[in-house]
Amino acid sequence: MMKYNLQQEFYKLYKKEADNAYFSPGRVNLIGEHIDYNGGLVMPCAITFGTYLLVSPNEDGIFRFSSLNFEDKYEVPLQQHYQKNGNGWFNFPIGVIEHFLKDGHELGGLDMLYFGDIPISSGLSSSASIEVVTAYALNDLFSAGYSKLDLVKLSKSVENNFIGVNSGIMDQFAVTFGEKNKALMLNCDTLDYQAVDSNLGEYVLAIINTNKPRQLAESKYNERVQECKEALTALQQELNINHLCDIDSASFEKHQHLITNPVVLKRAKHVIEENDRVKLAAKALAGNNLDKFGRLMYASHDSLRDLYEVSGAELDAVVEYSQTNPNVAGARMTGAGFGGCAIALVKGDTFDEYSKAVTEYYTSKIGYAPSVYSSSIGNGVGLLSVAVN
Ligand code: GLA
């Protein structure tokens with residue numbers, strides 16, 4: 001049961017009912033971290049937390065943005081172009097509007113109300129969720145004719161060019177194409193994907209929010225993207241490749257001498273080995289070998305901590321505790337890192353015990369409590385029946 005009756009909240013703001021309601025989920029990534037922008041394989045799932053958007057057209061030619069998560073409201077008249085304005089949340093929908101206009105679509109004024117139940121800055125893709133729900137709604141309301149894949153690419157472009165984060169395509173893809181109880185095996189080079197059964201057997205997926213707001217995440221993220229580019233350029237002296245993930249670990253060993261900067265070398269090693277791990281993880285999942293899958297999760301975390309250097313004391317504490325609990329198959333940070341969330345595969349009947357114990361361990365080490373959720377894997381973006389409550 002949601003905390004709000006969204007239709008009532010919409011009425012309070014705009015003195016009318018919303019015509020349409022949409023929902024886009026957030027995501028977790030089971031494995032394959034920081035490799036989407038290197039043409040790698042990733043394994044995200046949509047989750048049942050996400051962003052709701054209620055909307056009605058208006059005759060005033062004005063876009064009005066409100067959110068139940070943020071105090072700041074925003075409104076702008078329909079104009080030809082928009083630019084990013086500070087760091088407010090409404091830049092995400094404005095960026096999407098700007099993209100529709102740039103593509104030549106005729107839009108009209110809208111009254112909009114957003115509500116997200118994804119914890120903000122938790123690395124569960126609240127930004128992709130808000131971009132995609134807006135793009136999906138505008139496409140529907142103004143019959144813009146974009147395919148779902150177009151909406152994914154458009155939303156990624158908003159993130160890269162309007163917001164200024166050089167992210168890959170994984171998040172927008174996962175929140176658009178996610179399917180209930182399936183993980184997406186996505187090839188980020190070709191964009192081919194398969195929705196595979198996320199049959200976790202006796203395990204459930206726990207999400208542990210470190211409650212450490214992600215700091216410096218954007219600049220550090222762009223720095224990693226740049227380091228990967230440097231590694232690729234160095235390898236291209238001898239190899240005919242377009243992405244770091246075009247080679248496997250064995251071939252990397254033969255050519256790694258080309259990378260002279262030791263930091264860049266570590267980044268490339270993570271990327272290429274992580275891509276190999278995803279292939280092994282896919283086999284383990286298909287064979288219901290959750291122990292193996294869990295070991296690969298731990299290995300992924302180690303590599304993100306030591307080679308890619310995007311973890312931190314908080315995420316490490318969650319994984320450290322998980323490793324001592326025999327009812328946990330594996331755990332790792334998920335998403336960009338620098339705070340945010342970890343995930344763990346926990347035996348279902350011990351979830352409450354795990355939740356309590358990881359909270360105690362984390363709190364004694366870090367000084368404040370994490371939030372622990374048992375997550376369900378849900379569907380991608382879509383239209384909702386209007387009575388949202
Ligand atoms: C963020 C980005 C994604 C991806 C992950 C790390 O979530 O938006 O494109 O790079 O970090 O795997």
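Buried denotes a residue under 20% relative accessible area, exposed one over 50%, and partly exposed one in between, computed with a 1.4 Å probe on protein chains only. Helices (H or I, at least four residues) and strands (E, at least two) are DSSP runs numbered from the N terminus. The structure is a predicted model, in which local features need pLDDT of at least 70 and side-chain atom pairs count only at pLDDT 80 or more, while totals for chains, interfaces and linings use all residues. Residues are numbered from 1 along each chain as its sequence is written, and side-chain values use heavy atoms, with hydrogens and water left out.

**View 1. Strand 10 and its pairing with strand 11.**
Six of the six residues of strand 10 (residues 328-333) are buried, so this strand is largely enclosed by the rest of the structure. Five bridges link strand 10 to strand 11 (residues 341-347) in the antiparallel sense; two strands are said to pair if DSSP finds at least two bridges between them. Val328 has Val346 of strand 11 as its bridge partner.

Six strands in the order 5-4-6-3-1-13 form an open sheet with mixed pairing. Strand 5 and strand 13 (382-384) are the edge strands, each pairing on one side only. On average, neighbouring strands of this sheet are turned by 25 degrees against each other, direction ignored. Axes are lines fitted to C-alpha atoms, for helices over the stretch in contact, and angles between N-to-C directions run from 0 to 180 degrees. Strand 4 (residues 62-67) and strand 5 run antiparallel and are joined by four bridges, with Ile62 opposite Pro77 of strand 5. Helix 1 (residues 6-14) packs on the sheet, where it touches strand 3 (44-57), strand 4 and strand 6 (110-116), and its direction makes about 140 degrees with that of strand 6. Helix 3 also packs on the sheet, touching strand 1 (20-29), strand 3, strand 6 and strand 13, and its direction makes about 145 degrees with that of strand 1.

An open sheet is formed by three strands in the order 2-7-8, with antiparallel pairing. Strand 2 (41-42) and strand 8 (193-197) stand at the edges with a single partner strand each, so one side of each is left without a neighbour in the sheet. Strand 7 (residues 182-187) pairs with strand 8 over five bridges in the antiparallel sense, and Leu184 has Ala195 of strand 8 as its bridge partner. Helix 5 (residues 170-177) lies across strand 2, strand 7 and strand 8, and runs at about 140 degrees to strand 7.

**View 2. Helix 4 and its packing partners.**
Helix 4 (residues 148-163) has 16 residues and reaches 21 Å from its first C-alpha to its last, close to the 22 Å expected at 1.5 Å a residue; the expected span is 1.5 Å times one less than the number of residues. Its buried residues include Leu151, Leu154, Val158, Phe162 and Ile163. The buried residues of helix 4 pack against helix 2 (91-102), helix 3 (126-141) and helix 5, contact being defined as heavy atoms within 4.5 Å. Gly164 follows helix 4 and has a positive phi, near 95 degrees.

An oxygen atom of the ligand lies 2.9 Å from an N or O atom in the side chain of Arg27. For Tyr221, an N or O atom in the side chain is 2.6 Å from an oxygen atom of the ligand. A polar backbone atom of Gly168 is 3.0 Å from an oxygen atom of the ligand.

**View 3. Helix 6 and the residues that it buries.**
Helix 6 (residues 217-235) has 19 residues and reaches 27 Å from its first C-alpha to its last, close to the 27 Å expected. Among its buried residues are Tyr221, Arg224, Glu227 and Cys228. The buried residues of helix 6 pack against helix 7 (249-255) and helix 8 (262-286).

**View 4. His270 in helix 8.**
His270 is found in helix 8 and is buried, with a relative accessible area of 0%. Leaving aside neighbours within four places in sequence, His270 is in contact with Glu33, His34, Arg277, Ser303, Leu304, Leu307 and Tyr308.

Terms used. Polar contact = N/O pair within 3.5 Å; in protein donor to acceptor, adjacent residues only side chain to side chain.
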